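Subject: Structure handover

Hello,

Please find the structure below. My notes on it follow.

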Protein chains: 4
Amino acid sequence: MPKLGMEPIRRKALVTATAAEIGQAGNLDVTVSQIAKRAGMSSALAHHYFGSKEQIFIATMRHTLVVYAAEIRDALAMADTPIERMHAIIQACFESTNFRTETIATWLNFYVLAQTSDQAKRLLRIYHKRLHSNLVFNMRPLVGDRAPDAASRIAAIIDGIYLHEALGAQLPNSKAATAQVFRALDLEIESVK
Amino acid sequence: MPKLGMEPIRRKALVTATAAEIGQAGNLDVTVSQIAKRAGMSSALAHHYFGSKEQIFIATMRHTLVVYAAEIRDALAMADTPIERMHAIIQACFESTNFRTETIATWLNFYVLAQTSDQAKRLLRIYHKRLHSNLVFNMRPLVGDRAPDAASRIAAIIDGIYLHEALGAQLPNSKAATAQVFRALDLEIESVK
Amino acid sequence: MPKLGMEPIRRKALVTATAAEIGQAGNLDVTVSQIAKRAGMSSALAHHYFGSKEQIFIATMRHTLVVYAAEIRDALAMADTPIERMHAIIQACFESTNFRTETIATWLNFYVLAQTSDQAKRLLRIYHKRLHSNLVFNMRPLVGDRAPDAASRIAAIIDGIYLHEALGAQLPNSKAATAQVFRALDLEIESVK
Amino acid sequence: MPKLGMEPIRRKALVTATAAEIGQAGNLDVTVSQIAKRAGMSSALAHHYFGSKEQIFIATMRHTLVVYAAEIRDALAMADTPIERMHAIIQACFESTNFRTETIATWLNFYVLAQTSDQAKRLLRIYHKRLHSNLVFNMRPLVGDRAPDAASRIAAIIDGIYLHEALGAQLPNSKAATAQVFRALDLEIESVK
DNA sequence: AATGAATGAGGATTCATTCAT
DNA sequence: GATGAATGAATCCTCATTCAT
């Protein structure tokens, strides 16, 4: 029962399925067949739409990053002051949607993918740069010229906590994670007073 | 001409070769043959000594972690005060030996391995716990009861910087990395004054 | 905007595209999609018109053979004596249209197709028979009863030169090829004097 | 039951099996699995020894050509005069070993392979050159300076007859084929008297 | 008339692993 | 101790072909 205009639907289904499979497997050793099956289609169709497994991965990454960026944007829209905006960004990072074992595994594997795929590397760098810009912009009113360095430290803490959760000693704890970064932010601000 | 007592030599050669291959490849998709070849033996022999590919990986991880721990121990031995010891740990983390693109890639992939291998996960957790203990122990004189939380933040920054280097925007910069963590440490200490 | 009476146009486009693709590829490993694309339509339509890939090939062969036959017929029409007609046939075989690397590759692959397809084999045999008849008919006045054997030799030389050109040591040289067969023909004629 | 020194045995088995499969199929659409099965091993082993399907084909070609060259050499060794040597070469070409439907199909497909594989093309050209040299060398005493051209014609007839047999109108007839080329040779010789 | 959608089947290639020597 | 031999299983990808629209 083929229908017209299926392409975007199929692509989205594949991208979602890929994220889920990677999250579940914990690595990139997921087969196109597994992905296609979860997305409800044949692996041939998956290849038809993406050309190769790597492109499926890249598209999945791009989608994840776009969703991520949107969440941060939304969070920022509801904040008025620099400090509120900083809090908004940090909270968005540990939003329950993202901060789940599966999502963390997916992110981790994007970094692995970036080791071999230039496209993946570029995507991840863009994301990093954008986050950093955001942090710098909002920290400048708070810490002045120290903003760039301070922003890097905040970004590093966020990533470090993510990485730590990848080990899953206990279930990801959004509240605790957020609190830690808030505290680091406080330290940065206090120090310039 | 097989010799007696080759086992430890072979094992070490394989472990070293594995780290090198993973570092070079950027992921765990390295074949036993590649590893064995680099280690100067047949893949059959590699299996003979380790039983399976996963065990080769695990042994490589263990070795890397042991070396790492030794470096920190050595660094600590030459430091006398808490602050010096903190600095020593941090510097050890970004020692030029470890802080190279290839080593970083290897570490990254240990995290991936930990997603599927319980042994790997256990090893990585032990390392984390030990680092954390070390940090807490040495920070207590500096920040009192805030030591546990502060130690987590410092550990997170260290990992976050590592992860960031995995993207390799520019060559890993030990000095800059060290400076960033030192600064974070300063902030923690200042805040209790 | 589908139109009426498109069938012959589409079929011809496909047949032409097929010959071109085979010529370019040098073998029969051309996909229906490639052919259809070159012919400016979807592969589904190609199947609609021909039913199967093999039939597309067969039709291409038939077309090539028909064109070939027409060229010989035209050449013969302008010749008056047996010897002129022989020359006309031979020249037609090495006409620049046919005697190009791509065309030669196409012919070569027709022989391959004939190994598995009875229809292809039949077509090729008909072509052979017709050429042989033509040669015999025109050689009889020249060599008498030796015409059948002599015709076979001439036909063999023609095919052999074609085959040799398939190796493409140098660009096909119509003039040289023609001269060689003319010479063989001379020998046949001389020998009965 | 693996044994040592199997490589040459396996390689030869594969080469033989490949020729047989191509001969039987009539084209190059034979799978590595088919070949390996006929050669009594797994397809993985075939890849282990040859690296790729193309290399299996190339090796098969090389082997066929070597055998061919040996047959001609042997035939020449027993001939004393130029005319005897020419006859020996021609007869060797249509020796019952070579002049079978399957072998002819194999040859035909070597030409197809040469359209895409430079290695194959090189092999075939060497064979052609060598045959031509042989013919020229032995024809010079018979036809003088006309030897090069005459040799080309003889070579073309041989190839042409081969190609004609590929159509298999009737079973390959060594005697008739030989007779035809002998006759062509006679004509060349007569013409210089 | 025409095509996008869809897939089953197949094929080259890779690889961890085992085993006889 | 050491390795060449060997393979089963898996995976990516391709493609002819069909079908609903």
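Two residues count as in contact if their C-beta atoms, placed from the backbone, lie within 7 Å. By that criterion no contact joins chain A and chain C, and their closest C-alpha atoms are 13 Å apart. Chain A and chain D have no contact either, with closest C-alpha atoms 21 Å apart.

This is a predicted model, in which local features need pLDDT of at least 70 and side-chain atom pairs count only at pLDDT 80 or more, while totals for chains, interfaces and linings use all residues. Residues are numbered from 1 along each chain as its sequence is written, and chains are lettered from A and ligands numbered from 1 in the order in which they are written.

Chains C and D do touch: 36 residues of chain C are in contact with 36 residues of chain D. On the chain C side, the elements giving two or more residues are helix 6 (101-116), helix 7 (118-143), helix 8 (147-165) and helix 9 (174-190). Helices here are DSSP runs (H or I, at least four residues), numbered from the N terminus. Helix 8 of chain C gives the most, twelve residues.

Within chain A, the axes of helix 5 (residues 82-93) and helix 9 (residues 174-190) come within 10 Å and cross at roughly 150°. Axes are lines fitted to C-alpha atoms over the stretch in contact, with angles from 0 to 180 degrees between N-to-C directions. Helix 5 and helix 9 of chain A are therefore roughly antiparallel (an angle over 145 degrees). The contact is made by Met86(A), His87(A), Ile90(A) and Gln91(A) of helix 5 and Thr178(A), Val181(A), Phe182(A) and Leu185(A) of helix 9.

Regards

Notes: Angles under 35 degrees count as roughly parallel, over 145 as roughly antiparallel, 65 to 115 as roughly perpendicular and the rest as oblique.
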